[in-house]
Amino acid sequence: FAIVAKAASTLSIDAIANQTYTGSALTPTVVVRDGSTTLTLTTDYTVNYTNNTNVGTATVTITGAGNYTGIKAQTFLIVAKAASTLSIDAIANQTYTGSALTPTVVVKDGSTTLILNTDYTVGYSNNTNVGTATATITGVGNYTGTKAQNFTIVAKAASTLSIDAIASQTYTGAAISPTVVVKDGATTLTLTTDYTVN
């Protein structure tokens, strides 16, 4: 008489724990059982994975071998990687311009440089005046959470400013201190706030 292979659909596959995105295809170990008997990979079944790189639902499909035939599938979740594990390159000092400064941010996952708006977005704070500014990245897609990097805004050299010509002043016998008009491009600066005069 003939002994025929048992259908793989009657087997059980243990639940597969959530896997964290790594950038590579994820192939977690699969435990297949026939009742209380744990089956052996390649002897009793083979394994194939699909949609197993990016965040979302991945599928592992076992195909019976030897004493088993047919297929059975099990899904598992790939979850986003924490942005806190990423690195942000140091941001060079920025010179005050009067406008909000938004220097380019280079974010890496190991040696892989990530892509703005695909892997993360960037927000800036305290990024106009001289002092410490902050760039904060927020993970998107395969990344989640935030990570911040500070950078310094340094003062602009007064030598780059313009001073309007000062009209000739008539001798009075006292010290003469005409009004000075100082500009940064088209912007007129404010005495004591932006400069002092001697």
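Q: Is lysine 156 buried, partly exposed or exposed, and what is its relative accessible area?
A: In this predicted model, lysine 156 is partly exposed, with a relative accessible area of 32%.

Q: Which side chain does lysine 156 meet in a salt bridge?
A: That would be aspartate 184, at 2.8 Å from N to O. Aspartate 184 sits in strand β20 (residues 182-184) and lysine 156 in the loop between β18 (146-154) and β19 (162-163), so the pair ties together parts that are 28 residues apart in sequence.

Q: And aspartate 184, buried or exposed?
A: Aspartate 184 is buried, at 15% relative accessible area.

Q: Okay, pockets now. Which residues line the largest pocket?
A: Among them are Lys156 and Asp184, along with Tyr96, Asn129 and Leu161. By class, the lining has 6 nonpolar, 1 polar and 3 charged residues.

Q: How much space lies in there?
A: About 230 Å³ in that largest pocket.

Q: Back to salt bridges: how many are found in the whole structure?
A: A search finds 6. One of them joins lysine 81 and aspartate 109, at 2.8 Å from N to O, and both of these residues are buried.

Q: What about aspartate 119, where is that found?
A: Look in the loop between β14 (112-113) and β15 (120-125). Aspartate 119 is buried yet has no salt bridge. The nearest side chain of opposite charge is lysine 81, 11 Å away.

Q: What does aspartate 119 touch, leaving out residues up to four places away in sequence?
A: Aspartate 119 touches Leu114, Thr138, Gly139, Val140 and Tyr143.

Key: Residues are numbered from 1 along each chain as its sequence is written. This is a predicted model: local features need pLDDT of at least 70, side-chain atom pairs count only at pLDDT 80 or more; totals for chains, interfaces and linings use all residues. Side-chain values use heavy atoms; hydrogens and water are left out. On a 1 Å grid over the protein atoms alone, a cavity is a set of points where a 1.4 Å probe fits but cannot get out, and a pocket is an open set with protein on both sides within 12 Å along at least five of seven lines; lining residues have an atom within 4 Å of a point. Grid points are joined across faces, edges and corners, and a volume is the space filled by probe spheres set on the points. Ala, Val, Leu, Ile, Met, Phe, Trp, Tyr, Cys and Pro count as nonpolar, Asp, Glu, Lys and Arg as charged, and the others, Gly among them, as polar. Helices (H or I, at least four residues) and strands (E, at least two) are DSSP runs, numbered from the N terminus. Buried means under 20% relative accessible area, exposed over 50%, partly exposed in between (1.4 Å probe, protein chains only). Lys and Arg count as positive and Asp and Glu as negative; His and the chain ends are not counted. A salt bridge is a side-chain nitrogen of Lys or Arg within 4 Å of a carboxyl oxygen of Asp or Glu. Contact means heavy atoms within 4.5 Å.
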